[in-house]
Amino acid sequence: MRLALGGLDWTLAVVFVPLGGALLCFLLPRRTAVLGLITAWLTAMATLGLTLDVLAKGAQRTALGGWEAPLGILWLADGLSVSLMAMTASVGVAVSVYAAAYFRDEHTERAFFWPLWLLLWTALNALFLSADLFNLYVTLELLGFAAASLTALSGSTAALAGAIRYLMVSVLGSLSYLLGVALIYHACGTVDIALVAACIGDAPRPAVQAAVGAMVAGLLLKTALFPFHFWLPPAHASAPAPVSAVLSALVVKASFYLLLRLWFDVLGGGGRGLAELLGALGAAAVIWGSVLAWRQEHLKQLIAYSTVAQVGYFFMAFPLSMAGHAGAWSGALYLALAHGLAKAAMFMSAGNLMRFGRQDRIAELDRVAYRLPLTLAAFTLAGVSIMGLPPSGGFIGKWLMLQAAFQQGRVDLAAVMLFGGVLAAAYVFKVVGSAFTPGEHEHRGLAVPAAMEWSALLLAGAAILLGLTLPLLWPLLHVGTAPAAALPLATAPGVTS
Amino acid sequence: MQALFWALVGMALVVIGLYALIVHRHLLRKVLALNIMSSGVFLVFIGLARRPAQDGAALAPDPVPQAMVLTGIVVAVAATGLALALIVRLRSESGRSTLDDPADD
Amino acid sequence: MDGGKRTHAPHRREPTRAEAREELPSWGRTLLALALLGLLAGLAWAVLSLPRPAPGLADAVGARLAESGVSHPVTAVLLNFRGYDTLLELVVLLLALIGTWSVRRARRCAGNVPGPVLRQLPGLLAPLMVLIAGYLLWAGAHAPGGAFQAGSLLGGVGILLCLSGHSMPDWAQRWPLRLVALLGVAVFALSGVGVAALPSGGLLDWPPAAAKTLILGIELAAMLSIGVILAALFAGGRP
């Protein structure tokens with residue numbers, strides 16, 4: 001299927017615009033910030049174009065090079081991939097504006113931040129578009145290297161150690177995934193997702209089980225699901241603030257997205273045992289991550305452990321999605337989108353607080369509520385979404401998942417979700433409370449650029465508004481999915497037929 | 001049968017590499033372990049390409065796994081280069097060649 | 001530490017109490033080894049269960065090889081059928097370079113003092129290596145070879161020169177070096193997008209008549225990039 005270039009080809013643009021921008025930023029280090037901001041804006045526009053295109057015309061399939069599968073590589077832009085690309089673009093523009101101010105005085109870091117960040121964005125879009133298992137391996141590696149390099153950017157010992165651990169975990173996860181792809185290729189003779197889905201039922205079971213096990217294990221490692229979460233807090237907490245935002249909000253979603261793709265498009269639903277295991281690990285992650293978050297003394301560590309907990313929620317959708325109930329995975333997806341916006345806002349707020357006070361001990365947040373009101377507002381709004389209070393996106397996601405849990409009689413999972421919300425409130429209010437009280441020592445604050453405060457606030461606001469945009473977002477999420485997976489619109493909150 | 005032999009050797013390399021990755025503390029050994037695991041995965045990928053039927057008649061090799069493994073080798077080299085740069089920098093910043101236990105953070 | 005001095009040989013020291021404590025106890029290692037042996041058994045069983053003869057794409061490639069512009073099937077897969085993978089792979093290599101440069105400064109090659117053998121070697125070997133690299137690039141169209149193999153050789157030339165104490169002139173280490181490093185990705189991406197602008201074109205869709213030239217051009221740029229990037233990775237940091 002050759003794609004003629006009448007008008008503008010948005011799928012091409014979302015990958016090649018950030019790539020081209022990254023190359024230019026690398027070539028011209030003195031102009032990186034300007035080039036980077038322009039590229040970020042253009043990429044966001046291209047993503048918007050693609051989103052509208054997919055809403056209007058349905059899922060878009062591109063055969064790269066004109067070669068159909070199984071010989072060539074296919075791109076598939078359906079509701080799932082486009083909604084994640086849209087989240088990436090929203091966070092991406094905010095982080096770009098934030099980073100331009102954050103790195104204003106650090107020439108070396110700035111010079112390398114922009115090419116690395118734009119290549120990370122390229123990797124994300126390439127990953128979300130790809131419908132070829134081996135191509136996905138290459139995009140996963142691209143993503144991992146960019147993320148690890150960005151983590152090490154500040155050059156501190158903690159950042160370097162976190163980055164090395166992150167890089168090794170990323171490579172290990174990708175290798176495990178690649179081993180699975182190798183077995184699948186040799187069982188089915190193709191690596192195209194649609195063709196593999198057709199073949200996998202007839203392929204020899206030991207090979208399929210080993211392949212799926214290897215791929216899932218690798219992706220779980222990359223998504224930091226308990227007990228594979230050990231690498232995440234050191235890396236996310238020691239990276240520069242805009243990088244932490246990107247890592248927690250976007251990069252962990254990529255491997256989770258891949259797991260969803262494998263689960264639904266390749267396996268057609270997966271086995272009961274695996275689903276229950278994932279759900280149990282998710283529940284453990286929620287409790288473990290939330291408790292550890294509450295116990296942290298440093299703000300960025302707290303936010304990083306909160307990511308560990310939130311990731312657990314996504315995985316509780318797996319046992320709830322058996323028997324044709326699609327509400328749970330829509331809820332998990334909504335939660336993932338909201339978490340992306342909210343977590344980025346949280347890390348950006350933390351970056352503001354660190355810039356202001358030159359430290360991030362929670363107990364020493366010396367009345368910042370009065371001195372940095374915008375930042376505190378951003379953190380609080382983001383916290384509202386993390387806790388799952390209405391009308392935020394987090395509330396919608398949790399509501400859908402709780403509804404699915406009660407419908408299927410899974411009181412255990414529902415209890416964990418509710419308890420997790422309570423724990424989230426505990427750690428969010430730990431921070432907010434400390435921000436209103438004087439610290440042990442008087443801190444004279446440094447100026448925080450307005451761009452940094454406003455970008456955090458706008459993202460947090462978007463996380464809240466996400467809940468209100470459900471009627472608009474719902475059709476997008478379901479573009480391209482099979483009819484059996486669509487939830488009847490009447491039961492979704494706030495949607496009128 | 002020869003195809004299976006290489007694939008099994010590849011699997012063994014993957015497992016040996018994984019053991020070394022977990023057990024050894026020195027970062028350079030971890031990098032070497034990851035390289036061994038990569039070689040194992042590539043060996044599995046290539047070794048199984050174009051396995052003949054039971055009667056053993058030879059078949060032309062399958063070019064797609066070869067191209068994929070070429071890509072994989074380049075990615076592995078890139079990873080090793082980046083990892084080594086990070087390790088050298090860590091050593092020059094802190095004198096350590098191992099990672100601290102994450103629980104100590 | 002990162003200056004031009006050669007580091008002295010590291011002296012061995014006893015592992016500290018802290019380090020000794022971090023090693024896994026022997027029962028832990030045994031347990032791990034047993035678990036991994038079990039894993040190996042499972043993986044081996046999976047391998048043994050695979051169908052024979054193997055389903056594969058050799059026939060599919062052979063059927064369309066004539067349209068690809070080259071006559072070697074692996075090159076055709078790398079640069080035509082699955083060219084997008086190769087493009088991303090070149091990006092990965094460039095990314096590793098950018099990441100390495102962001103982490104540290106390179107040690108200066110001029111600080112390496114070569115012994116008698118190494119003084120003569122570049123003069124003898126470097127031209128030969130460049131020649132062979134060029135041949136490998138050309139041969140890739142009809143035999144094993146191509147941009148990666150040729151690029152590796154060029155990278156070897158760079159490493160040889162660095163070890164013998166020769167380094168690039170300072171002016172070349174600024175934007176020219178960066179330009180050559182990104183040349184492979186740039187030429188590949190521009191060709192791929194440019195072809196999409198043609199009337200009946202698509203992304204990375206080489207018209208069969210022009211495919212051979214396009215592929216050769218891309219491989220040439222890629223060879224130069226790969227050589228430069230590999231040598232620069234050996235130098236280990238930004239210039």
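A helix here is a DSSP run of H or I at least four residues long, numbered from the N terminus. Val411(A) sits in one such run, helix α18 (residues 411-436) of chain A. The structure is a predicted model. It scores ipTM 0.92 and pTM 0.92.

**Confidence in chain A**

- Chain A has a mean pLDDT of 87, and 94% of its residues reach 70 or more.
- Among the elements of chain A, helix α5 (residues 133-151) has the highest mean pLDDT, 96. Helix α20 (residues 470-477) of chain A has the lowest, 76.
- Residues 1-7 of chain A stay under 50 in pLDDT. The model gives this stretch 14 contacts beyond four places in sequence.
- Residues 482-497 of chain A are also below 50. Beyond near neighbours in sequence, they have 22 contacts in the model.
- Where pLDDT is low, the predicted coordinates should not be read in detail.

**Confidence in chain C**

- Chain C averages a pLDDT of 86, and 90% of its residues score at least 70.
- Among the elements of chain C, α5(C) has the highest mean pLDDT, 95. Helix α1 (residues 17-22) of chain C has the lowest, 49.
- pLDDT stays under 50 over residues 1-12 of chain C, a stretch with nine contacts beyond four places in sequence.
- Residues 17-21 of chain C stay under 50 too, with two such contacts in the model.

**Where chain C meets chain A**

- The contact takes 46 residues from chain C and 46 residues from chain A.
- On the chain C side, α2 (26-48), α3 (58-64), α4 (73-81), α5 (83-103) and α8 (175-196) each supply at least two residues.
- α5(C) gives the most to this side, with 14 residues.
- The side of chain C that touches chain A divides into 31 nonpolar, nine polar and six charged residues.

**Where chain B meets chain C**

- Here 38 residues of chain B are in contact with 43 residues of chain C.
- On the chain B side, the elements giving two or more residues are α1 (2-23) and α3 (63-94) of chain B.
- α3(B) gives the most, with 16 residues.
- The chain B side divides into 27 nonpolar, five polar and six charged residues.

**The largest nonpolar core**

- The largest nonpolar core has 333 residues.
- Those with the most contacts inside it are Leu120(A), Ile164(A), Ala345(A), Ala463(A) and Leu86(B).
- Helix α6 (residues 157-188) of chain A brings the largest share of this core, 22 residues.
- Leaving aside neighbours within four places in sequence, Leu86(B) is in contact with Ala152(A), Leu160(A), Ala163(A), Ile164(A), Leu167(A) and Val103(C).

**Helix α16 of chain A**

- Helix α16 (residues 373-387) of chain A has 15 residues. From first C-alpha to last, α16(A) reaches 21 Å, close to the 21 Å expected at 1.5 Å a residue.
- α16(A) is mostly covered, with eleven of its 15 residues buried.
- Among the buried residues of α16(A) are Leu376(A), Phe379(A), Leu381(A) and Ile386(A).
- The buried residues of α16(A) pack against α12 (299-315), α14 (327-357), α15 (368-371), α17 (393-407), α18 and α19 (450-468) of chain A.
- Gly388(A) follows α16(A), and its phi is positive, near 90°.

**Val411 of chain A**

- Val411(A) counts as exposed because it has 10 C-beta neighbours inside 10 Å, and the cut-off for exposed is 12 or fewer.
- Val411(A) and Val286(A) are 125 residues apart in sequence. In space, they are 16 Å apart, C-alpha to C-alpha.

How values were computed
Residues numbered from 1 in each chain as written. Chains lettered and ligands numbered in written order. Predicted model: local features only at pLDDT ≥ 70, side-chain atom pairs only at ≥ 80, totals over all residues. Contact = placed C-beta atoms within 7 Å. Nonpolar A, V, L, I, M, F, W, Y, C, P; charged D, E, K, R; others polar. pLDDT = per-residue confidence, 0-100. Buried ≥ 20, exposed ≤ 12 C-beta atoms within 10 Å, placed from the backbone. Expected span 1.5 Å × (residues − 1). Core = buried A, V, L, I, M, F, W, Y, C linked by C-beta atoms within 7 Å.
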